[in-house]
Amino acid sequence: MCPKPDLSYGELAADISEIIYSETDIQERIAELGKDLSQDYRGLNPLMVGVLKGVLFFMADLLRRVTIPVEVDFMAVSSYSSEARNQGYVRLEKDLEIPIQNRHIVFVEDVIDTGLTLNYILKNLRTRQPASLEVCVLFDKPTKRLIDIPIKYKGFNLPDQFVVGYGLDYREKYRNLPFVGLLNAKILQGNAR
């Protein structure tokens, strides 16, 4: 755990009570993941797939650390309702543009908690007959897991607390913080911002 961020991170940093993973921690781990992916997929021209919006930051930084040829595509999903999301039902809003049959796919995710949405997406992708399909996640909340998801590449475990930053949001805010930190309880209770 790190200290509270200073205000050089902007006004949103004032809403963070404690930094969990610093910008340096995150970038060092992403470099390691990029190296592992580059070794494991050398000569295979993998397709890296992510779900918008949260994965944007991780995907961009990860791609800069991968030293082999790769292609990139994105999906977008939304839940029908909170109840539907809790059961793993999602609506595909944007599908892949690149066919994945017989391709080596690395599904890149910013955070995995219950695993319900990701399980749905992985089942969908498997029906398209990729040559291989592996998961690369930066942040994992294993205490929230309802479905076992095989994760080949993992960055960090997150505590069972509400964290934001580096793609993780609260009401579409805080994604742009370069670190991951605990959101002040007063924000979650609706008393600020």
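# A predicted α/β model, element by element

Of the 193 residues in the protein, 46% are buried, where buried means under 20% relative accessible area, exposed over 50%, and partly exposed in between, with a 1.4 Å probe and protein chains only. The model is a predicted one: local features need pLDDT of at least 70, side-chain atom pairs count only at pLDDT 80 or more, and totals for chains, interfaces and linings use all residues. Residues are numbered from 1 along each chain as its sequence is written, and side-chain values use heavy atoms, with hydrogens and water left out.

The protein has an accessible surface of about 9,800 Å², and carbon and sulfur atoms hold 49% of that area. Such areas come from the Shrake-Rupley method with a 1.4 Å probe; for residues, only the protein chains shown count as cover. Among contacts in the protein with a separation of 6 or more, 63% are between residues 24 or more positions apart; a contact means heavy atoms within 4.5 Å.

The secondary structure consists of five helices and nine strands. Helices (H or I, at least four residues) and strands (E, at least two) are DSSP runs, numbered from the N terminus. Read from that end, the order is β-α-β-α-β-α-β-β-α-β-β-β-β-α.

β5 runs parallel to strand β2 (residues 47–52), with four bridges between them, and parallel to strand β6 (residues 132–140), with eight bridges. Two strands pair if DSSP finds at least two bridges between them. I105 of β5 stands opposite L47 and also opposite L133 in β6. In a regular strand the side chains alternate between the two faces of the sheet.

A separate description applies to the open sheet of three strands, which has the order β1-β9-β8 and antiparallel pairing. Its edge strands, each pairing on one side only, are β1 (16–21) and β8 (163–164). Four bridges connect β1 with strand β9 (residues 180–183) in the antiparallel sense, and E18 has L182 in β9 as its bridge partner.

Next come the helices. Two packed helices are described by the angle between their axes and the distance between the axes. For helix α1 (residues 23–40) and helix α2 (residues 55–65), the axes come within 8 Å and cross at roughly 55°. On the α1 side the contact involves Q27, I30, A31, L33, G34, K35, L37 and S38, and on the α2 side F58, D61, L62 and R65. Axes are lines fitted to C-alpha atoms, for helices over the stretch in contact, with angles from 0 to 180 degrees between N-to-C directions. α1 and α2 are therefore oblique to each other, given that angles under 35 degrees count as roughly parallel, over 145 as roughly antiparallel, 65 to 115 as roughly perpendicular and the rest as oblique. The crossing of α1 past α2 is right-handed, that is, the near helix is turned clockwise from the far one by less than a right angle.

Some backbone details lie in loops. The peptide bond from L52 to K53 is cis, with omega near 15°, and K53 belongs to the loop between β2 and α2. N102, in the loop between β4 (90–94) and β5, is a residue other than glycine with a positive phi, near 65°. N102 is exposed, at a relative accessible area of 58%. Q129, in the loop between α4 (116–126) and β6, likewise has a positive phi, near 60°, and is not glycine. Q129 has 48% relative accessibility and counts as partly exposed.
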